[in-house]
Each structure stands twice: as structure tokens, then as C-alpha cells.
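Dear colleague,

Please look through it first, and then read the notes below it.

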Number of protein chains: 2
Amino acid sequence: MSLQHAILGFLSLRSMTGYDLKKSFDRSASHFWPGNQSQIYRTLSKLTELDFVDVDVHERGDLLPTKTYSITPSGRQHLHTWLSTPLGERPVREPFLLQLFFGGLLSDDEVLALIQSEIALTEDALKQYEALKEPPTPPESKEDKRKVFFSLLTLEFGLHANETYLRWLTSIKERIEAQDYTAQWTKEPS
Amino acid sequence: MSLQHAILGFLSLRSMTGYDLKKSFDRSASHFWPGNQSQIYRTLSKLTELDFVDVDVHERGDLLPTKTYSITPSGRQHLHTWLSTPLGERPVREPFLLQLFFGGLLSDDEVLALIQSEIALTEDALKQYEALKEPPTPPESKEDKRKVFFSLLTLEFGLHANETYLRWLTSIKERIEAQDYTAQWTKEPS
DNA sequence: CTGTCCATGTAAGGCGTTACATGATTGT
DNA sequence: ACAATCATGTAACGCCTTACATGGACAG
């Protein structure tokens, strides 16, 4: 659906090769949109066909040529349209919730092991987000500050989402350990 | 990846037709795992090939026959293995974060419109979760209570996740309206 | 007589993953 | 000598979506 747009987004910042794009994804987008190497190359071919990007080919003898991709005006427009169009409802797919939903078929110990593993993953993710907090940002211009702001928002989201998730995981772990099989809201005197 | 397991999960509760499965998904799993009709039928065929389900065919003259699917012992075992195996890291794909990440290319008004739409969707989702809270549950046996508990957990998750999301969306909306382009954590005197 | 429910499927296409394949250059 | 980095791709397969197609039964 949107790898195309992610690529156009990066190319709107600067022209680069497929290889550089892959690095851009890994460095700054992998937390909310992973970029698969072979898919990046296939998508670049398609974007070229669609005239959303131009290619500059540098031959290298018997090696495959290096190709530098640039966004075209039409690509820029396409990107802008996508960026400014609200998305509408999107399907949710949470395999862990699927496991929990059928948790009745497992023993408490088995469920606790699942939860524990999920807690460990979440704590790891949180550590990584914490490490990315407050990168060395010297005084910037107002426009720069605004650009940086938007890219930092994705980290903010990751932090909040994972913190909430971790709290919830811990709470269900505790309830199961106490064999207290009640939903949280049944306790609150609403 | 897991529609197979979701189907096996439902069939482990009772045998049913593809049509009934679709209704089961819509009624109780669509919040964390949507079940696409045509995919359900194709997956049932595959599960049959794998001997994870059995089919009971009821001919109906010139109509397509009705087929009742049941889980086999081997299917039950496969399900149990999947349910009790921790998942490991899974990729995240959040198109809205992708839009925000490149928000620097949009005007404040355009970004605010995106956020507003996302807020509306989230409020809607929250309303639906609220409506599902506390369904009429007469006194149950201990085992029943445990089973219900696990299925209610998915609603709990939906509530918490959406509440957190909504709070965050509101906070970024306010910051943009105030033209205060600072990440939240840069304010906290850590 | 119109629409909703019951009940089944096929076809085509897009998106994503994994594995495989090549080969120069640079650093340890 | 060996590994990492630079740089490109193909092939095969799986999952998911959308659209299309059929047709009886029953309720308003």
C-alpha cells in the first residue's frame, strides 16, 4: 500500500540509490515502516514506470550499474496528495491478541510464558526508544525545528504505545498469577 | 500467517460452516484479526488438505453443497503448538506515522486535518469498545470465568491502546496549534 | 417484489518475505 | 585472509483485498 509513498518521501529529501534508501529506512523509518531490500528495488522499478521517479544510470563495466533515483514533479504531486489525504479505517492484525483470545485452551503457565516473552520484547523496544531520545540537537532554524519535530513524533508514539502496552501486560500477568480472572473495568466503581 | 490458526481456534470451540466462521470473526475477532470471506474459504480448503480439519458435505441439489468443518486431533495439536509458542518480533506498519514523519512537507492546516480525522476514527473505536464493556454476564463457573476473561482481554487492550493514542493525538494537535514544535520529553526536567 | 440472510466459491492483482546470486572495494 | 560495505537484482511463494458470480428461502 504505502512503501511507494515512503520511498517517494525519502527521495523528496534527496536523490539516492536503492541501497541508500534501504539505509534510510533502517536508520529512521524501521520503527513504523520496515523497508525490505528486494521490495525496494521492485518498487523503484514500478515508480519509474509510473514516471514518479527518474533514474540516472552510471555504468560500472561488468558490475551492475549504479542507479541514482530522483523524484519527478509528478511524483512530488502524487506524494503530496497521499500525504494530505486522511487514511480512514485500517485493519488491525495482532497475533498476540489472537493467542490470548484463545488462551482458555492453554494452562496458566503456558499463557504466562507467552506474556513474559511479550514483556521482554516490549522492554527491549522501550530501551531502544529511550536511547534515541534527545539526540544532540544544536540550535536550529524555525523551519528545521518544525521538520525535526514531525520526525520525532514517531518516536514519541513508539514510547507511549510501548509504555501502555507494557503496563497492560504486567497487569494481566499479575491477575493471572493471582488467579483473579476479572477484567479491569469490572473493578472500577464507575 | 495466522488466519489458519484463528480458524482452527474457532473450530476448536464448535464445528461450523465457512459462513458461520465469517460471522464469528465479525462478531468477536474483527477488532484484532479481520476475517476476509474469500480468504476464509481458501484457507479452509488448505486446512483440509493438511488434515487439520474434516469436512462434512451436505448436498443441496443444484445449489452448492453446505459444508460443515470440524477440527481434527492433528489440527488441535497444531493449534496448541502455535498458541503456546511465543511470537518474537513482528514488523510494525503504521501508515499514519508515515504521513506524520513526512509532515514537514505539509502545511500546519493539512497536518491538523490528518490528525483531526485520526482523532475522529479513534473516538469512534473507543465508543464501540465502551459499548462492548460489561456484557450481561450472569454468575459463571470458575472455568467459564477463565475462558471469558481471556476473550475480554482483547477488549481491554483495544480500550487502553485507543485511549493512549487519543491522548497523544490531542497533545500533538495542541502543540501544532500553539506552533510549539518540541517533543514532549524535551520539556520534562529529567 | 425487494431486500436480507444463508452459503458457496473463482480470478486477478498487490504487497511482503525469504532465499539466492554476483562482484568490487575497503578495513582489520 | 576475512568480513563488512557498496550495489544490484531474480524467483518463488504466501497472504490479503477486491470484485465478480450464483441462487434458494423468507420477511416486510
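What follows is an account of how the parts of this model meet.

Please keep in mind that this is a predicted model, in which local features need pLDDT of at least 70, side-chain atom pairs count only at pLDDT 80 or more, and totals for chains, interfaces and linings use all residues. Residues are numbered from 1 along each chain as its sequence is written, chains are lettered from A and ligands numbered from 1 in the order in which they are written, and side-chain values use heavy atoms, with hydrogens and water left out.

**The two protein chains**

The contact, which means heavy atoms within 4.5 Å, takes 77 residues from chain A and 77 residues from chain B. Between them the two chains bury about 7,800 Å², with 71% of it on carbon and sulfur atoms; buried area here is the accessible area (1.4 Å probe) that two parts lose on being put together, summed over both. Phe101(B), Tyr181(B) and Trp185(B) supply 10% of the area that chain B buries against chain A, which is more than any other three residues.

There are 25 residue pairs in polar contact between chain B and chain A, both residues being at pLDDT 80 or more. A polar contact is a pair of N or O atoms within 3.5 Å; within protein, one must be able to donate a hydrogen and the other to accept it, and residues adjacent in sequence count only if both atoms are side-chain atoms. On the side of chain B that touches chain A, the elements that give two or more residues are helices H1 (3-13), H4 (73-83), H5 (95-101), H6 (108-132) and H7 (142-177) of chain B, where helices (H or I, at least four residues) and strands (E, at least two) are DSSP runs numbered from the N terminus. H7(B) gives the most to this side, with 21 residues.

**Salt bridges**

Over all chains the structure holds 14 salt bridges, each being a side-chain nitrogen of Lys or Arg within 4 Å of a carboxyl oxygen of Asp or Glu. Eight salt bridges are counted between chain B and chain A, and one salt bridge joins the side chains of Arg175(B) and Glu156(A), at 2.7 Å from N to O. Another salt bridge joins Lys23(A) and Asp20(A), at 3.7 Å from N to O; these residues are separated by about one helical turn because they are three residues apart in helix H2 of chain A.

**The DNA strands**

DNA strand D is surrounded by 23 residues, of which the closest are Tyr19(A), Tyr41(A), Lys67(A), Ser38(B) and Gln39(B) (a residue is near a strand if one of its heavy atoms lies within 4 Å of it). Of the atoms of DNA strand D that come within 4 Å of the protein, sugar and phosphate account for 64%. The largest share of the surface near DNA strand D, five residues, comes from E2(A).

Around DNA strand C there are 22 residues, and Ser38(A), Gln39(A), Tyr19(B), Tyr41(B) and Lys67(B) come nearest. Sugar and phosphate make up 64% of the atoms of DNA strand C that come within 4 Å of the protein. The bases are also approached: a base oxygen of DNA strand C is 2.9 Å from an N or O atom in the side chain of Arg42(A), and a base nitrogen of DNA strand C is 3.0 Å from an N or O atom in the side chain of Gln37(B). E2(B) gives the most to the surface near DNA strand C, with five residues.

With best wishes
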